[in-house]
Every structure is written in C-alpha cells, then in structure tokens.
Amino acid sequence: MFFGETAINLDSKGRLAIPMRYRELIQNLSHSRMVLTYSAFDSGALYLYPEKEWERVRDEVTGLSTFNPGHRSLQRKLVGSASAVEPDGTGRIQIPQTLRQVAGLEKRVALLGMGSRFEIWDEDALNQKRAEEESSLDEAASEEMTRLVI
C-alpha cells in the first residue's frame with residue numbers, strides 16, 4: 001500500500017503536505033480522512049493512518065485488558081492522543097502542536113510509507129535512529145529477518 005520515503009518541510013503553521021502519489025489512494029481508502037497519533041514504539045515519531053485502518057487498530061488496542069499496565073500505556077499513547085486530520089484543498093494536514101512537540105518536529109520531516117500507515121519523523125531524529133540501528137543490526141537480526149533479505 002504505502003511505501004517509500006519523502007522529505008518534507010513543515011510550514012510555519014505546522015502543516016505537512018501529503019505527497020501527490022498518495023492522495024488518490026488515501027481518498028479511495030478513507031475519503032481523505034486520516035488519524036494522527038504517537039508511534040507505539042519509537043519516541044520521536046508519529047503514526048498517520050487512513051481512517052479505516054485506524055478504526056481496526058483502535059478497536060484492537062482498546063480491546064486489550066486494562067489490567068495490564070503495558071496495555072494501558074499503549075492505549076493512552078495510541079488512542080488517547082489521536083487526532084482526526086483531513087487534507088485541505090492543497091493536500092496539507094495540520095499536525096497539532098502537542099504532537100509536534102512530543103515528536104520533536106520542527107522544519108524538516110521524513111514521511112515513511114510503512115504499508116498500511118505512515119511514520120512521520122524529524123529528519124535528524126530519523127537519521128540518528130538509523131545510525132543506532134545500523135550499529136546493532138547484526139545482533140538484532142532474527143532468523144526471520146535474515147531469510148527475508150537473502
């Protein structure tokens with residue numbers, strides 16, 4: 001579905017322009033309605049879902065037992081902090097100030113197509129994350145990962 005990386009500048013109002021290559025697909029999937037929330041696992045990143053995919057994720061996350069502290073944390077992070085967004089006439093979405101602050105988004109961001117969702121990263125934070133992952137990739141590579149790239 002979504003794949004690839006696009007470098008984008010946030011405008012002075014914190015808006016991000018959705019790349020042209022994704023706009024029609026997003027329109028077809030969710031009538032351009034999307035949901036923006038924190039990354040479930042990486043600090044400094046946001047997830048952007050088409051509304052239909054978000055509804056699936058939201059339902060699964062809210063269905064987890066609240067007796068488990070990890071489940072409650074995930075529910076707060078994904079569901080409690082989610083914001084509905086819809087592109088304006090020029091294809092820009094407004095990233096709420098609170099989400100921009102927590103993710104450290106300032107000017108240069110990277111939009112990564114990750115299958116059924118996007119990740120939005122501050123460009124410098126993503127480069128730092130990649131450097132960290134590169135240095136530990138040999139130790140972290142599972143048997144399943146190794147088979148995928150042979």
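I looked up aspartate 11 and found its place in the loop between β1 and β2 (15–17). Strands here are DSSP runs (E, at least two residues), numbered from the N terminus. The model is predicted: local features need pLDDT of at least 70, side-chain atom pairs count only at pLDDT 80 or more, and totals for chains, interfaces and linings use all residues. Residues are numbered from 1 along each chain as its sequence is written, and side-chain values use heavy atoms, with hydrogens and water left out.

Next I checked the side chain of aspartate 11. A polar contact of 2.6 Å joins it to the side chain of arginine 15. The side chain of aspartate 11 also reaches the backbone nitrogen of lysine 13, at 2.9 Å. A polar contact is a pair of N or O atoms within 3.5 Å; within protein, one must be able to donate a hydrogen and the other to accept it, and residues adjacent in sequence count only if both atoms are side-chain atoms.

I then took a C-alpha to C-alpha distance. Aspartate 11 and arginine 108 are 9.5 Å apart in space and 97 residues apart in sequence.

Last, the strands. I found β1 (residues 2–9) paired with β7 (residues 108–115), antiparallel, over eight bridges. Pairing takes at least two DSSP bridges between two strands. Phenylalanine 2 stands opposite glycine 115 in β7. β7 also pairs with β8 (residues 118–122), antiparallel, over five bridges. Valine 109 faces aspartate 122 in β8. Two residues separate β7 and β8 in their hairpin.

Terms used:
Helices (H or I, at least four residues) and strands (E, at least two) are DSSP runs, numbered from the N terminus.
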